[in-house]
Number of protein chains: 2
Amino acid sequence: MATRTTTPDASRRSERSRRAIYEAALSLIGEVGYRRTTIEAIAARAGVGKQTIYRWWSSKAEVLLEAFLDVGEQANEAAAAPPGVERFDGLPNSGDLEADLKFVLRATVDELLDPKYDLPARALAAEGVVDRELGRQVVERLLEPSLQLYVQRLEAAQEAGELRADLDPRIALELFVSPLAQRWLQSSGPLSHAYADSLVEYALYGLAPR
Amino acid sequence: MATRTTTPDASRRSERSRRAIYEAALSLIGEVGYRRTTIEAIAARAGVGKQTIYRWWSSKAEVLLEAFLDVGEQANEAAAAPPGVERFDGLPNSGDLEADLKFVLRATVDELLDPKYDLPARALAAEGVVDRELGRQVVERLLEPSLQLYVQRLEAAQEAGELRADLDPRIALELFVSPLAQRWLQSSGPLSHAYADSLVEYALYGLAPR
């Protein structure tokens with residue numbers, strides 16, 4: 001996507017512009033919504049020419065989706081792994097599924113409560129609900145790749161005997177991920193670490209008595 | 001809200017107008033979205049005067065929320081109870097929680113897949129995500145009352161020993177209701193009776209081996 005130039009100075013300038021464009025895109029969509037965010041306004045706020053944006057991205061949707069992907073990458077880089085667990089490219093695997101899922105869901109709660117993320121993500125989600133093509137891209141490029149990290153962790157738990165072998169991990173993850181996402185989108189209940197913990201416990205051990 | 005007149009003929013006319021207004025409101029919001037649906041357009045499509053709508057409702061949001069409440073009531077009236085189970089004002093209670101939840105979630109899948117419901121509900125949900133006041137009303141008047149029916153059924157199951165006594169029913173229901181709602185809103189996976197059944201089984205018996 002971003003065409004890298006060859007000299008170090010130009011490359012640093014490109015990187016600065018790219019980040020300014022992402023920040024402008026996210027703040028604008030949070031302020032005026034998806035539809036009223038234009039390439040022109042993003043360029044103006046980022047202090048770059050419109051042509052810079054058109055050179056690197058083919059559409060407004062593409063700029064915004066990549067701005068969100070970048071937020072996700074930055075959050076991953078900033079997140080500490082749980083004590084004693086190695087950083088790796090996916091969800092933590094300490095050998096204790098319950099602890100690892102609680103760790104990740106608590107971090108997700110913190111992210112969803114961060115206003116820097118909340119307003120733009122809400123605007124993108126709302127538009128994705130009614131604009132089917134944008135919704136498809138949000139699912140394919142943003143949502144599904146992050147859910148696949150849960151699938152991998154659950155598969156590892158199945159191999160370790162921590163999770164029932166007969167269940168579909170792609171459905172199983174929805175029991176704790178979807179309630180969190182719904183509460184956030186609909187503001188239908190408080191988001192807290194205690195709530196995240198309950199979801200993990202209820203899902204793992206079931207609602208029926210053991 | 002609807003001011004009933006006293007003669008039977010006038011009352012029948014009012015009822016016909018009310019239903020025409022609901023149908024016009026739902027079809028318009030599905031076609032042009034929440035924001036571009038106006039009281040004027042609803043009145044024109046319903047074949048009533050604008051003043052008829054203003055006499056009965058105070059805002060566009062109120063007309064639309066009541067149109068959805070009416071859809072819900074009609075769906076409840078039309079839904080047969082499972083074989084051998086008495087109709088009552090809430091979710092079925094056959095004494096078999098798993099069977100009752102599967103029955104209700106399968107019916108919900110059918111409703112969500114019905115285009116008559118899908119497009120207007122999607123438009124309302126999208127607007128509720130970004131318009132906080134509308135979202136609050138959707139949660140308070142549409143969502144929460146229907147979730148309270150699950151709470152009641154789960155409380156009955158707790159008394160019957162079918163459900164762990166130490167869990168919060170308002171959180172527990174989210175394990176099977178929210179995934180369905182999310183898949184519908186985001187089109188992030190297929191909605192089917194088999195999927196509804198899996199959610200109920202996974203939630204009741206848990207993801208960890210017993």
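View 1. In the largest cavity, at least two lining residues come from each of helix 6 (115-130) of chain A, helix 7 (132-159) of chain A and helix 9 (174-186) of chain B. Keep in mind while looking around that this is a predicted model. Helix 6 of chain A gives the largest share of the lining, with four residues. The space inside comes to about 80 Å³, and the count of cavities of 30 Å³ or more is one.

**View 2. Here is the lining of the largest cavity, residue by residue.** From chain A, the lining includes A:Leu124, A:Ala125, A:Gly128 and A:Val129. A:Gly135, A:Val138, A:Val139 and A:Leu185 also belong to the lining, while chain B brings B:Leu185 and B:Gln186. How many of the lining residues are nonpolar, polar or charged? Seven are nonpolar and three are polar, with no charged residue in the set.

**View 3. Chain A and chain B share an interface.** In this view, 46 residues of chain B are in contact with 46 residues of chain A. Together the two chains bury about 4200 Å² between them, and carbon and sulfur atoms give 60% of that area. On the chain B side, the residues that lose the most area to chain A are B:Arg164, B:Tyr202 and B:Leu207, which together make up 18% of what that side buries.

**View 4. A salt bridge joins B:Arg183 to A:Glu174.** The closest N and O atoms of B:Arg183 and A:Glu174 are 2.7 Å apart. Side chains of opposite charge can pair when their charged atoms come close. How many salt bridges are found across the interface of chain B and chain A? The rule finds four there. Over all chains, the count comes to 38 salt bridges.

**View 5. Within chain A, A:Glu15 pairs with A:Arg18.** This salt bridge has its closest N and O atoms 2.8 Å apart. Why are A:Glu15 and A:Arg18 separated by about one helical turn? Both sit in helix 1 (residues 8-32) of chain A and are three residues apart, so about one turn of the helix lies between them.

View 6. UniProt, in an unreviewed entry, lists residues 15-75 of chain A as "domain: HTH tetR-type". In the model, this span is 80% helix and 0% strand. The C-alpha atoms at the ends of residues 15-75 lie 18 Å apart.

How values were computed: Residues numbered from 1 in each chain as written. Chains lettered and ligands numbered in written order. Predicted model: local features only at pLDDT ≥ 70, side-chain atom pairs only at ≥ 80, totals over all residues. Heavy atoms only, no water. 1 Å grid on protein atoms, 1.4 Å probe; cavity = no way out; pocket = protein on both sides within 12 Å on 5 of 7 lines; lining within 4 Å. Points joined across faces, edges and corners; volume = space filled by probe spheres on them. Nonpolar A, V, L, I, M, F, W, Y, C, P; charged D, E, K, R; others polar. UniProt positions renumbered as here; feature names shortened; annotations may be inferred. Contact = heavy atoms within 4.5 Å. Buried area = accessible area lost by both parts, 1.4 Å probe. Salt bridge = Lys/Arg side-chain N within 4 Å of Asp/Glu carboxyl O.
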